[in-house]
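Subject: Handing over the structure

Dear colleague,

Here is the structure I said I would pass on to you, followed by an account of what was found in it.

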Amino acid sequence: MSQQAKRNYGAGALLILAVLFVALLFVVSLVFRGARFDLTENNLYSVSQGTRNILASIDEPLNLYLYFSDSVSKDVPGLTPYRDYSRRVRDTLTEFASYAGGNLNLQVIDPLPFSEAEDAASAAGLTGFPANSAGDTFFFGLVATNAVEGRETVAFFDPNKEAFLEYDLAKLIYNLNQVRKPVIGVMSTLPINRGFDPATRQMREPWIVLQQAEQLFEVRQVAPTVNSIDPEIDVLAVVHPKDLTDATTYAIDQFVLRGGKLAVFVDPQAEMDIPADAQTNPQAAMFAERSSDLSKLLETWGVAYDAKQVVLDRTYGLQVSAGPGRRPVRHVGILSIDTAGMNGDDVTLAELTTINVSQSGHLAKKPDAEVEFESLLTTSEDSMSVSSDRVRFMTDPSSLLDGFAPTGQNYTLAARVRGTFSSAFPDGAPPAEPVEGEEPAAPPTAEHLAAATEPNDILVVADTDILSDRLWAQAQSFLGQRLISAFANNGDFIINSLDNLTGSSDLISIRGRATSQRPFTRVQELQRQAEARYQATEQQLEQQLQETERKLTELQAGRDDNNPLILTPEQQTELARFQDERLRIRQELRQVQSNLRGDIESLGTWLKVINIGLVPLLVTLFALTIAWRRARRREEANR
């Protein structure tokens, strides 16, 4: 074949390839129209099935107005993380809109300074921050509206909450699609509600957690003797279920099987379960039974709980007062759970730092149970379980450490249980129990359910003191106002849990997602090492400063002339020595900082070389190798 023929053949091949490429693009655009592929490591841009169900259930058009100050933030380096996060928020909302069947209208608004959009953002309650020296305001929030003047807002998108972005947006849309306030039923044998306190002979305020719940939900009291649960109740909170009749237990059973959400707080030793005659008969109060259980339901639903066992934890044990004139002692039965003992993937515990419990029991999944059991609060491995009698008759908290033998097990203190539950009453409603002096209760009119038809969620907490004020908040009166000061996150956890349970099962199924942030862990490690060296050197300087001041004081005290304004030769020498030493140490500090910057810059340079230069270099080398081999073949063919 001649050279001209070869060139024509090559040009023809390229033309055919170009035509095939265009044809392939055309076919792909037709066949895969609307198809979306998420190739990120953790499927960051794919929404969960629960979110898709919520979006598909929207029955009226919703409007989403995403306010992001793009123009104001362009040249502000400190706002770069927010600009990156704004793309993540926008992509997520766009993905939401694609599953909403045209019922989600998204508008992205750049509220320029002194514009109507900026006024609208402020009027909607979005949080604005000064962005630059000119005083321009930076907005990054969301306003969502429906057709009946309903409105939900996100005042400001915090990149630190990226893991729960999908849940927050799905809940916002879910709330906007609802027409009434969620109803919480509270069934309690503890004095959590308003009432008369016979000890003080005054009216008693409700517990703070209940006051907070009343601000968000419609709270209804449910007597612990009812034979049926009002179907209008969305979530039933059962606190300290003590001596419930079978009829009441059956009512709770059927409520859950019909889709009602349940939050149960049981306790092996409820400190707030104080007998009415405790002051007049303290001995009887000590021997009074303070445990509660809902074993018939919990065991049927796959939860193991022993009302005679209390958890002790040496790591989480709090220091408590041992009495006047005595040193505080560690109480291994009163625990302060930190983030290590919280399930950080659960939305109810997001950004919480401390939850206090007292003499709590522990939960576990029964071995043969076909339910999902997710621990929310756990002890450390430095813990053990003991009989509740040991805590009940304890006179000195330090005695709990006698014979303390940790099992190395993380005991579950609170858990979320999900499953398609069966009834604990397979034979139907129990016969009515006659009560002396009262008319027999009417039998339940609703049809008996032997099993649920849909999966449901319940929350189980093995402590009731977690709700009491003394473990997490203080109330003070100020100018007629009742001010609440929280020192733990118990209230946040309870409110988050109720709020979570009031959502649909689809909303509850949404879990925290991975974040798009990819920190340079090696750089962070370098920073930590350098900071440790810096702090050690700084502490050395401070110690020398204190030593020098001590010596100067001693020299001053040993003077005979008692003239504080003139330094003696010894003081001048000591002061000069310290100044020289301080200069030397400061130089060392600067050197440490310089080395830190040098290490980070060097590492950054190498990362840029690898990420930017290495791949093109490898491609180039590969192409040159192919070209070289072809040239060698042509030379060998021409010989």
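Predicted model: local features only at pLDDT ≥ 70, side-chain atom pairs only at ≥ 80, totals over all residues.

Five of the seven residues of strand β1 (residues 62–68) are buried, so the strand is largely enclosed by the rest of the structure.

**The chain as a whole**

The chain has 639 residues, of which 39% are buried, and its secondary structure comes to 15 helices and 23 strands. Among the contacts in the chain with a separation of 6 or more, 75% are between residues 24 or more positions apart.

**Aromatic pairs**

The structure holds 11 aromatic pairs. A pair of aromatic rings is described by the distance of the centres and the angle of the planes, and two of the pairs are given here in those terms.

Y82 and F156 form an edge-to-face pair, with 5.6 Å from centre to centre and 65 degrees between the planes. Y82 lies in helix α4 (residues 80–99), whereas F156 lies in the loop between β5 (151–154) and α6 (165–176), so the pair ties together parts that are 74 residues apart in sequence. Y82 is partly exposed, with a relative accessible area of 24%, and F156 is likewise partly exposed, at 22%.

Y85 and F140 also form an edge-to-face pair, with 5.9 Å from centre to centre and 80 degrees between the planes. Because Y85 lies in helix α4 and F140 in strand β4 (residues 137–145), this pair ties together parts that are 55 residues apart in sequence. Y85 counts as buried at 4% relative accessibility, and F140 counts as buried at 0%.

In soluble globular proteins, nonpolar side chains tend to be buried together. In this model, the largest nonpolar core has 40 residues, and those with the most contacts inside it are F265, L349, I355, L377, I466, L467 and F493. Helix α12 (residues 490–502) contributes the largest share of this core, with five residues. If residues up to four places away in sequence are not counted, I466 touches F265, I355, N356, V357, L377, V461, L471, W472, N490 and F493. There is also a second, separate core of 36 residues, which includes V222, Y250, L297 and V460.

**A three-stranded sheet**

Three strands form an open sheet in the order β14-β15-β16, with antiparallel pairing. β14 (317–320) and β16 (355–358) stand at the edges with a single partner strand each, so one side of each is left without a neighbour in the sheet. From one strand to the next, the twist averages 50 degrees. The antiparallel pairing of β14 with strand β15 (residues 329–337) extends over four bridges, and Q319 stands opposite R330 in β15.

**Two residues with positive phi**

F114 has a positive phi of about 60 degrees although it is not a glycine; F114 is placed in the loop between β2 and α5 (116–123), and at 80% relative accessibility it counts as exposed. Q359, also a residue other than glycine, has a positive phi near 50 degrees.

With best regards

Technical notes. Residues numbered from 1 in each chain as written. Heavy atoms only, no water. Pairing = 2+ DSSP bridges. Axes fitted to C-alpha atoms, helices over the stretch in contact; angles between N-to-C directions. Buried < 20%, exposed > 50% of the residue type's maximum accessible area, 1.4 Å probe, protein only. Contact = heavy atoms within 4.5 Å. Phe/Tyr/Trp six-rings, centres within 6.5 Å; stacked < 30°, edge-to-face > 60°. Core = buried A, V, L, I, M, F, W, Y, C linked by side-chain atoms within 4.5 Å.
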